[in-house]
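Here is a short briefing for a reader new to this structure. Look over the sequence and the model, then read the points by topic.

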Amino acid sequence: MPEHDIDALIRNRRTINAFKTERPDDEAVLAALESGCWAPNHKMTEPWRFYLLGEKTISQIVELNAEMARVSKGEAAAQKKRDKWSTIPGWIVVTSLRSDDSLRDRENYAAVCCAVQNIALSLWSHGIGMKWTTGDVTRAPEIYEILQIDPSIEDIVGVLWYGFPNESPTSHRRPLQDVLKQLP
């Protein structure tokens with residue numbers, strides 16, 4: 001895609017909820033993660049950390065989430081979660097480095113969010129869809145254990161599910177004038 005088509009790329013990217021079973025090639029995924037590293041970040045903290053998950057780790061997270069659903073909603077809900085999550089072809093966990101300074105912590109989180117947007121756009125440019133999920137499982141202490149993350153050092157910002165879209169939904173936004181205030 002030519003660089004001048006960035007606006008079209010931004011406007012056409014959608015959150016994907018249904019993926020084909022084929023897992024995308026790691027080359028495009030690694031290129032997207034590299035693009036994530038070029039996000040703006042205050043004082044060049046580069047606070048993002050990426051975890052590209054393999055089948056064993058994915059399976060552990062699927063089971064953790066199913067157990068959480070079982071406890072709160074019963075066995076049928078657990079099986080439904082297990083069935084859905086087991087079909088997602090690719091998983092990346094994104095974290096942000098923590099800081100004792102609350103302003104720096106907020107700036108780091110914002111930078112990681114920018115990195116996620118870069119990743120989403122890069123993947124989309126290769127025909128790969130993504131969903132950024134921040135459900136309860138991303139805050140469970142057990143996920144930190146599974147991923148071998150020290151929660152005093154890194155905070156999970158989300159899980160990025162990726163794959164080839166089974167469908168691409170359309171979306172609409174409010175007109176700019178609804179959210180823009182121009183001041184003298």
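Which residues make a nonpolar surface patch of about 290 Å²? Leu176, Val179 and Leu180 make that patch. This is a predicted model, where local features need pLDDT of at least 70, side-chain atom pairs count only at pLDDT 80 or more, and totals for chains, interfaces and linings use all residues. Residues are numbered from 1 along each chain as its sequence is written, and side-chain values use heavy atoms, with hydrogens and water left out.

**Surface patches**

- Patch residues have over 30% relative accessible area and no salt bridge; like charges are joined within 9 Å, and nonpolar side chains (Val, Leu, Ile, Met, Phe, Trp, Tyr) within 5 Å.
- A salt bridge is a side-chain nitrogen of Lys or Arg within 4 Å of a carboxyl oxygen of Asp or Glu.
- Leu180, part of the nonpolar patch, sits in the segment after β4 (154-163).
- Leu180 counts as partly exposed because its relative accessibility is 43% (buried is under 20%, exposed over 50%, partly exposed in between, with a 1.4 Å probe and protein chains only).
- Lys73, Lys80, Lys81 and Lys84 form a positive patch (Lys and Arg count as positive, Asp and Glu as negative; His and the chain ends are not counted).
- Helix α4 (residues 75-85) gives the most to the positive patch, with 3 residues.
- Helices (H or I, at least four residues) and strands (E, at least two) are DSSP runs, numbered from the N terminus.
- Lys80 lies in helix α4, and its relative accessibility is 66%, so Lys80 counts as exposed.

**Aromatic pairs**

- The whole structure holds 3 aromatic pairs (rings of Phe, Tyr and Trp, its six-membered ring, with centres within 6.5 Å; planes under 30 degrees apart are stacked, over 60 edge-to-face, the rest tilted).
- One of them is Trp85 with Trp91, an edge-to-face pair at 5.6 Å centre to centre and 65 degrees between the planes.
- Trp91 and Trp161 also pair: their centres are 5.7 Å apart and their planes at 65 degrees, so this pair is edge-to-face.

**The tryptophan cluster**

- Trp85, Trp91 and Trp161 form one aromatic cluster.
- Trp85 is buried because its relative accessible area is 7%.
- Trp91 is buried at 0%, and Trp161 is buried at 4%.

Notes
Areas by Shrake-Rupley, 256 points an atom, 1.4 Å probe, with all protein chains shown as cover. Charge placed at Lys NZ, Arg CZ, Asp CG, Glu CD.
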